[in-house]
Amino acid sequence: MSSEPYSTSSLFWQLGQARRRFTEWAEYQFAQADIDFPELPDWSLPLIAGRVLFWILVVALAAWLGLLLYRALKPSIQEWLGREQQWVTLGSAEQNIGLEQSAQYWRQQALALARQGSYGEACNALYQATLQQLHDRQMLRHDPSRTDSEYLSDLSRALEKPVPRPYQLLIGTHERLTYGTAIATAEMFKRCHLAYEKLHEQKRG
């Protein structure tokens, strides 16, 4: 009893009914012309085969609609993935940002940060400018894995003399702010800025 509604209302049942009506009409037309109606093959499908074919058609239709939806949304998906990749790239670049910006850029950043009252970040920008300047002059390769003590030691070997006071001040201030308990102040930034300007003048001279 449970299969009766399906057998009398399914698509395959309706197709079977249409086939029978066509066969009856064709037989009548052949009889009118006094011609023997040819025997047609039995195209009826078992119930399980009909259900399997039905679900195959459903899956194929869903796949086709999914493909159309993907093609419609593909530009938006690619744009979103591009933004995600850009954020990943920017996040990685922050680790090596000293190698990607000029010393002049870091100096301008330092001045801008100092005007905003961010003296710690301003001192750090001057520190980055100093390292980049040394890197550009091929005196000391900028390497994020180096500690500040290693920078001072390597710089002393590169100069073949004790490290000048401006370098000691800029690199030492960065070490105290980053790893120590020092608190950045306007006066601290002023000393760092004067030290950097002194180095800059020596470079031009």
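The model is predicted.

**Helices H6 and H7**

Helix H6 spans residues 148-159, and helix H7 spans residues 165-179. Their axes lie 9 Å apart and meet at an angle of about 165°. Angles over 145 degrees count as roughly antiparallel, and H6 and H7 are therefore roughly antiparallel to each other. The crossing of H6 past H7 is left-handed.

Which residues in H6 meet H7? They are Asp148, Ser149, Tyr151, Leu152 and Leu155. On the H7 side, the contact takes in Tyr167, Gln168, Ile171, His174, Glu175 and Tyr179. Sorted by class, this contact has 6 nonpolar, 3 polar and 2 charged residues.

**Salt bridges**

The count comes to 3 salt bridges.

| Side chains | N to O distance |
|---|---|
| Arginine 107 and glutamate 197 | 2.7 Å |
| Aspartate 154 and arginine 146 | 2.7 Å |
| Arginine 157 and aspartate 154 | 2.2 Å |

Arginine 107 sits in helix H4 (residues 103-115) and glutamate 197 in helix H8 (residues 186-204), so their pair ties together parts 90 residues apart in sequence. Glutamate 197 counts as buried, at 18% relative accessibility.

Salt bridges also link Arg146, Asp154 and Arg157 in a network. Arginine 157 and aspartate 154 both belong to helix H6. They are 3 residues apart, about one turn of the helix.

Is aspartate 154 buried or exposed? Aspartate 154 counts as buried, at 19% relative accessibility. Arginine 146 is partly exposed, with a relative accessible area of 22%. Arginine 157 is exposed, at 56%.

Methods: Residues numbered from 1 in each chain as written. Predicted model: local features only at pLDDT ≥ 70, side-chain atom pairs only at ≥ 80, totals over all residues. Heavy atoms only, no water. Axes fitted to C-alpha atoms, helices over the stretch in contact; angles between N-to-C directions. Helix = DSSP H or I, 4+ residues; strand = E, 2+ residues; numbered from the N terminus. Parallel < 35°, antiparallel > 145°, perpendicular 65-115°, else oblique. Left-handed = near helix turned anticlockwise from the far one by under 90°. Contact = heavy atoms within 4.5 Å. Nonpolar A, V, L, I, M, F, W, Y, C, P; charged D, E, K, R; others polar. Salt bridge = Lys/Arg side-chain N within 4 Å of Asp/Glu carboxyl O. Buried < 20%, exposed > 50% of the residue type's maximum accessible area, 1.4 Å probe, protein only.
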